[in-house]
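The following questions and answers examine one protein chain. Please keep the sequence and the structure in view while reading.

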Amino acid sequence: MHGLWSRIGLKGAVIGAIILAALVFILVNVIRDAAPAPVNIAAGSRFPCTVLSVWDGDGPINCAEQDMDGKQIAVRLRGIEARETDDSCRPAELCPKMSGADAKDMLTRLAVGRLDCTSHGPSYNRVDARCRNASGQDLSCEMIRSGAATRWPQYDPKGELLACVPRQG
């Protein structure tokens with residue numbers, strides 16, 4: 001050990017300490033930046049959703065991001081109703097023909113990667129939101145067009161999803 005100190009000297013030790021401190025500083029900042037920043041999900045806010053999983057055809061879509069309280073974000077798609085995974089449906093008059101499993105598969109194909117969502121406020125421990133995928137597809141609209149979901153007028157009071165409903169005949 002004594003031989004090492006005599007070879008690097010005081011200047012070498014100081015330079016080594018500076019390099020070590022710089023590496024620790026860089027590592028701390030990389031770790032801090034890797035953690036997602038909290039996201040504002042108040043009504044009217046736009047927020048990202050990096051998709052982790054999909055529960056069924058209208059959500060929740062579980063996101064990697066956390067809200068301002070540190071809770072993982074779960075999105076309920078705005079204005080639509082799809083069958084549950086057990087094929088039940090409430091309210092019954094809104095039941096689409098597509099099965100719950102097929103609706104979940106459809107949403108899983110559409111909700112890939114990072115979504116751009118707009119909040120309409122809270123909904124049972126989730127956020128009620130309209131989301132677009134990286135291709136620009138509105139997930140609620142695409143689920144209606146595909147027959148995987150139906151428009152739920154109570155949650156689409158402005159009729160924004162009417163254009164997505166397939167024409168009869």
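Q: Is Y124 buried or exposed?
A: In this predicted model, local features need pLDDT of at least 70, side-chain atom pairs count only at pLDDT 80 or more, and totals for chains, interfaces and linings use all residues. Residues are numbered from 1 along each chain as its sequence is written, and side-chain values use heavy atoms, with hydrogens and water left out. Buried means under 20% relative accessible area, exposed over 50%, and partly exposed in between, for a 1.4 Å probe and protein chains only. Y124 has a relative accessible area of 70%, so the residue is exposed.

Q: Where is Y124 found?
A: Helices (H or I, at least four residues) and strands (E, at least two) are DSSP runs, numbered from the N terminus. Y124 is not a glycine, although its phi is positive, at about 50°. Its place is the loop between strand 5 and strand 6.

Q: What is the phi of N125?
A: N125 also lies in the loop between strand 5 and strand 6. With 69% relative accessibility, N125 counts as exposed. Its phi is positive in a residue other than glycine, with a value near 65°.

Q: How many helices and strands are there in the protein chain?
A: Read along the sequence, the elements follow the pattern α-β-β-β-β-α-β-β-α-β. The chain has 169 residues, and 37% of them are buried. The count of elements is 3 helices and 7 strands.

Q: Which residues have the most contacts inside the largest nonpolar core?
A: A nonpolar core is a set of buried Ala, Val, Leu, Ile, Met, Phe, Trp, Tyr and Cys residues joined through side-chain atoms within 4.5 Å. In soluble globular proteins, nonpolar side chains tend to be buried together. The largest such core here has 31 residues, and those with the most contacts inside it are I61, V75, L115, L139 and M143.

Q: Is L115 buried or exposed?
A: L115 is found in strand 5. Leaving aside neighbours within four places in sequence, L115 is in contact (heavy atoms within 4.5 Å) with F47, P48, C49, V51, I61, C131, R132, N133 and L139. Its relative accessible area is 2%, so L115 is buried.

Q: How far apart in space are L115 and D138, C-alpha to C-alpha?
A: In sequence, L115 and D138 are 23 residues apart. In space, their C-alpha separation is 9.7 Å.

Q: What is the relative accessibility of S119?
A: S119 has its place in strand 5. Not counting residues up to four places away in sequence, S119 touches I41, A42, A43, G44, S45, F47, V127, D128 and A129. S119 counts as buried, because its relative accessibility is 2%.

Q: At what angle do the axes of helix 2 and helix 3 cross?
A: Two packed helices are described by the angle between their axes and the distance between the axes. Axes are lines fitted to C-alpha atoms, for helices over the stretch in contact, and angles run from 0 to 180 degrees between N-to-C directions. The axes of helix 2 (residues 100-110) and helix 3 (residues 139-146) come within 11 Å, and they cross at roughly 140°.

Q: How are helix 2 and helix 3 therefore described?
A: Angles under 35 degrees count as roughly parallel, over 145 as roughly antiparallel, 65 to 115 as roughly perpendicular and the rest as oblique. The crossing is roughly 140°. Helix 2 and helix 3 are therefore oblique to each other.

Q: Which residues in helix 3 meet helix 2?
A: From helix 2, the residues taking part are A103, M106, L107 and L110. Their partners in helix 3 are L139, E142, M143 and S146.

Q: Where is P60 found?
A: G59 and P60 are joined by a cis peptide bond, with omega about 5°. P60 is in the loop between strand 1 and strand 2.
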